[in-house]
Amino acid sequence: MPYFPPISSPFTKFLTSLCSSDSGISSILGHGRHTGICFMAQMAKCCWIICFFVFSSLVRVYEASPNPGDSDQLYKACFSQCQKTGCVGAKCFSCCNSASDGSLLDGSWYKIKNLYFWWNQWDCQGNCRYHCMLYREKERIELGLEPVKYHGKWPSRCQYGFQFAQEPISVAISALNLVMHFHGWRSFSNLLYYSLPLKPDKTPFYDYASLFKVYGLLAMNSWFWSAIYHFRDMALTEKLEYSSVVAFLGYSIILANIRSFGLRSDAARVMVAAPIFAFATTHILFLCNYNMDYEWNTKVCIGMGIAQAVSWAVWGGTTDLACRWKLWMVVLGGAFGVVGKMLDFPPYQGIVHGETVWQASNIPLTYIWWNFIKYDAESRTADLLKKVR
């Protein structure tokens, strides 16, 4: 078993002595480094709690179940046959290139509508995936079996006349998350440039202004592609959605560490960002160019979500901001959301499933989160103005 130093270890005592020492350590190391050592001392006291949550969460992630629908032999046979014949049972698709006799299906019309099909994804692969999934799930229900995931998603039907969207509920929830992030990002920018004092060069006093603005853009990009992906599941939208989520989570970890540790120098920020950026980039390239492994991507994304939650929790336990309860609400709410995502349940009536609930829980948390960021900007700006004056 790995050894974790106890809370009263010499390492912790050493950091605490440096933090409380009156021997001029601040003048030797500089105020910023001295503050960082004090922060490390506080964080070391919480090492047992942090290690417990990270370890227990990673064990649960490691046990994440695969997607049995993809490997089902009957589903594979249906999909392969559909691509050859253009039919699933008695249902045939004019967008497939060949019929059972090898002739083109409505060839001239197919060419004219090719661009339309590319967007709507009523092409051969999309139709074969979707209708083979429904056909196989119908057989499973008749046998009394539980639903299973196909290509990382639960089987769902187009409901209430929304035949143009594969998952209309998820599309609507993703769009609402996009709107909430846009509202928070815009109000944050207005606060910085129109409500708070600016430096002589017309830039905000808030040290992390640009970082949070990029964070908002990546969040909106992620939810935009989530809406497009749930609107129409195709190879391109799938890669864009998965890539944007990984990029957003990777940047969130970088931002969480920079803000939690109060890193303001470019060198320190690069040291934190470089390995995380390399990992996220490698994972995106792996998904897009080598293997779209849904099980592995789920584990990676949950692990990255846990990592940033731990960083924000450390800051929430050490900051003296009056509204830190908002940060804790977001951290705890996000933690429950991750648990719900890991304990994903099959769709109810073919519409609402575990991931849908997780997406919906992000809507109020996003509003609270941006309110906390704005309060942090106001508090930090006020402190810096006192030092300037």
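Analyst: In this predicted model, helix α15 covers residues 324–342. Along α15, the buried residues are Lys 326, Leu 327, Val 330, Val 331, Gly 337, Val 338 and Met 342. These residues cover an arc of only 140° around the axis, which means that they lie on the same side of α15.

Helix α15 is among the elements that give two or more residues to the largest nonpolar core, a set of 42 residues. The other such elements are α10 (168–195), α11 (209–231), α12 (235–260), α13 (266–289), α14 (294–318) and α16 (354–388). The largest share, 9 residues, comes from α12. Within this core, the residues with the most contacts are Phe 188, Tyr 206, Phe 212, Trp 312 and Trp 369. Leaving aside neighbours within four places in sequence, Phe 188 is in contact with Tyr 206, Ala 209, Phe 212, Lys 213, Trp 370, Ile 373, Lys 374 and Ala 377. A second, separate core has 15 residues, including Cys 78, Cys 82, Cys 96 and Val 148.

In an unreviewed entry, UniProt lists residues 208–228, 240–258 and 270–288 as "transmembrane region". In the model, residues 208–228 are 95% helix and 0% strand, with end C-alpha atoms 31 Å apart. Residues 270–288 are 100% helix and 0% strand, and their end C-alpha atoms lie 26 Å apart.

Technical notes
Residues numbered from 1 in each chain as written. Predicted model: local features only at pLDDT ≥ 70, side-chain atom pairs only at ≥ 80, totals over all residues. Heavy atoms only, no water. Helix = DSSP H or I, 4+ residues; strand = E, 2+ residues; numbered from the N terminus. Expected span 1.5 Å × (residues − 1). Buried < 20%, exposed > 50% of the residue type's maximum accessible area, 1.4 Å probe, protein only. Arc of directions from axis to C-beta. UniProt positions renumbered as here; feature names shortened; annotations may be inferred. Core = buried A, V, L, I, M, F, W, Y, C linked by side-chain atoms within 4.5 Å. Contact = heavy atoms within 4.5 Å.
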